[in-house]
Amino acid sequence: MRRTGFLYDERYLLHCTGSCHPESPERLKAAYKGIEDAGLLPKLTRIDAVPAQQRWIEKVHHINYILRFEEACLLGMDELDYPDNQMCRETYDTAMLAVGGILETVKMVMEDKIDNAFCAVRPPGHHAEVNKAMGFCYFNNVAIAARYLQEEWGIERVGIVDFDVHHGNGTQHIFEYDPTVYYYSIHEHPSFAFPGTGREFEKGADAGQGYTLNTPVLPGQGDREYLDLIKRDLLPAFEFFQPEFILASTGFDAHAEDDMSDIKLSTEMFTWIMKILMGLADTYAHGRIVSVLEGGYSIQRLPELIKNHVEVMMTP
Amino acid sequence: MFIDRSMTKRVVTIGKETNILEARDLMKENRIRHLPVVEPDGKLIGIVTDRDIRSAMPSTLQDELNCEAVDDKLRQVTVGRFMTPDPITIRPTYTIQDALLLIQDKKVGAFPVVDEAGKLKGIISVRDLIRAFINVLNIGEPGMLLGILVEDKVGQLKRIVDAITEEKVSFGSVLVSRHWEEGKRAVFPYLLTNNIAPIKKKLRDMGYTILDPMEWYLDQLPRHE
């Protein structure tokens, strides 16, 4: 069995989005329940959240944005930049704890205290831009983790795989010009889904040309197409890039029963995707992979999906 | 939506004595396809397109044979000899709609924009119009498109806009188009949100059909079972 870390902290429930918002604390409770009920907790290395040092957040986000976000919370404002981004007074602190927890997790992998880890965090991150909150995201968790890996641990090539059903516009834009971080995303076609980016022809720019890859999938499609497209696009991309560490932007909203998208993946398909990622981590990255929760809104399906996801990570 | 907001105002121009090689290089450097030809006082007298230049130039294959000698000859060829004199122009007070219809009708790539005295004020090309249209659609903002089938009668759009507004969602744009079903129209709001499910449900509950753009498309895809 692999030494798998599990980042979860009850303070992640403090970020309130009001009633009727899909990105609710219930999601995380469902995730935790899935793992607890399956009896996995004793076999996992529990990791508690710590607030991030602001200097790491500044590696990705503009200082003005960080301060603007903090100030909005202090003033008790209930949204930031778009009405989608509902928040409360605790949102800023929760977002700091999400980033801090993930950096702590990454550190434990680098110190060889664990082999890999799943981070059950809120708020999610992949839509967050350098100076803007977007799509329920405030700090780009995965992007900050990538910079931390490079600057604190000397990792030269970080591979990011984003299988949330929405395109990670923030992550893509942050690394668009950077050939040291490869961003791969498979998602519902942007003409039909939020946020309207992640088209096939978006492949990075300047020195980063060829280090961004998008696989848009048309609505109504499912396992068969995902399987073929991931084999066609992701596998050769990472063979070319040879990532030394893999960060997964993990979303479960492509599930058939998740009403945030028109993609219809089965529960089993998410297991298959994670097995592929584990294989890539073993081949190129000494097994080093940290999976960070993004979307996934079916409270009914999340417990099983997350349990399966973590079980794949624990399996040698 | 007047075109002076969308046109290119810092226009690269040439005089009629400019030679063809200079004109070609100017287009290449600035990545443009139209060069208005003006008098020293700014009065428009013609336009040169990249097609005019290509048809006036010898073949690139020929170039290889005797480059220097050919270039010397071409330097004698001035724009006045092959430009389109008195091109179709428009005024800055024309609207985007005028320009769209006119460009489709005249099948040209750009219009020089001139004032009443015939002096060049700008140029509006197909590219400028595409940019204006992207701005109108607002698709540079994060959001998603919804398709709703409605009866072709007064008041439908109001109900839809009200229902969406109640959910505190902003509109990027709204398109209304004909639908192949008789007596129906299709409304396409581009909504600046990631949270579309409750809106879809609400509209369905109100009796609207949400268009699934993939329904007809999927039927045409090759299936590999």
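Over how many bridges do strand E2 (residues 44-49) of chain B and E3(B) pair, and in the parallel or the antiparallel sense?

## Basis of the description

This is a predicted model, in which local features need pLDDT of at least 70 and side-chain atom pairs count only at pLDDT 80 or more, while totals for chains, interfaces and linings use all residues. Residues are numbered from 1 along each chain as its sequence is written, and chains are lettered from A and ligands numbered from 1 in the order in which they are written.

## The sheet of chain B

Strand E2 of chain B and E3(B) pair over two bridges in the antiparallel sense. Helices (H or I, at least four residues) and strands (E, at least two) are DSSP runs numbered from the N terminus, and two strands pair if DSSP finds at least two bridges between them. Opposite Ile47(B) stands Thr84(B) in E3(B).

These strands belong to an open sheet of three strands in chain B, with the order E1-E2-E3 and antiparallel pairing. Strand E1 (34-38) and strand E3 (84-85) of chain B are the edge strands, each pairing on one side only.

Helix H6 (residues 126-137) of chain B has 12 residues, and its first and last C-alpha atoms are 16 Å apart, close to the 16 Å expected at 1.5 Å a residue. The expected span is 1.5 Å times one less than the number of residues. Just after H6(B), Asn138(B) has a positive phi of about 65 degrees.

Helix H5 (residues 96-106) of chain B packs with H6(B) at an angle of about 135 degrees, and the axes are 11 Å apart. That makes H5(B) oblique to H6(B). Axes are lines fitted to C-alpha atoms, for helices over the stretch in contact, and angles run from 0 to 180 degrees between N-to-C directions. Angles under 35 degrees count as roughly parallel, over 145 as roughly antiparallel, 65 to 115 as roughly perpendicular and the rest as oblique. The crossing of H5(B) and H6(B) is left-handed; a crossing is left-handed if the near helix is turned anticlockwise from the far one by less than a right angle, and right-handed if clockwise. Ile96(B), Ala99(B), Leu100(B) and Ile103(B) of H5(B) make the contact with Val126(B), Leu129(B) and Ala132(B) of H6(B). Two residues are in contact if their C-beta atoms, placed from the backbone, lie within 7 Å. The residues of this contact of H5(B) with H6(B) are seven nonpolar, no polar and no charged. Ala, Val, Leu, Ile, Met, Phe, Trp, Tyr, Cys and Pro count as nonpolar, Asp, Glu, Lys and Arg as charged, and the others, Gly among them, as polar.

## The sheet of chain A

Chain A has an open sheet of eight strands with parallel pairing, in the order E2-E1-E5-E10-E9-E6-E7-E8. Strand E2 (45-47) and strand E8 (212-217) of chain A are at the edges with a single partner strand each, so one side of each has no neighbour in the sheet. Neighbouring strands of this sheet are turned by 15 degrees against each other on average, direction ignored.

Strand E5 (residues 116-119) and strand E10 (residues 289-293) of chain A run parallel and are joined by four bridges. Asn116(A) stands opposite Ile289(A) in E10(A). H4(A) lies across strand E1 (4-7), E2, E5 and E10 of chain A, running at about 170 degrees to E5(A).

## Helix packing in chain A

Helix H4 (residues 91-110) and helix H5 (residues 141-153) of chain A pack with their axes 10 Å apart, at an angle of about 40 degrees. H4(A) and H5(A) are therefore oblique to each other. Their contact divides into 11 nonpolar residues, one polar and no charged.

Helix H7 (residues 223-241) and helix H8 (residues 267-284) of chain A pack at about 10 degrees, with axes 11 Å apart. H7(A) and H8(A) are therefore roughly parallel to each other.

## Backbone exceptions in chain A

Most residues other than glycine have a negative phi, and most peptide bonds are trans. Phe136(A), not a glycine, has a positive phi of about 75 degrees. Arg122(A) and Pro123(A) are joined by a cis peptide bond with omega about -10 degrees. Phe136(A) is in the loop between E5 and H5 of chain A, and Pro123(A) is placed in the loop between E5 and H5 of chain A.

A cis peptide bond also joins Phe194(A) and Pro195(A), with omega about -5 degrees. Pro195(A) lies in the loop between strand E7 (181-188) and E8 of chain A.

## Contact between the chains

The contact takes 21 residues from chain A and 17 residues from chain B. Strand E4 (residues 82-86) of chain A gives three residues, the largest share of the side of chain A that touches chain B. That side of chain A divides into 13 nonpolar, six polar and two charged residues.
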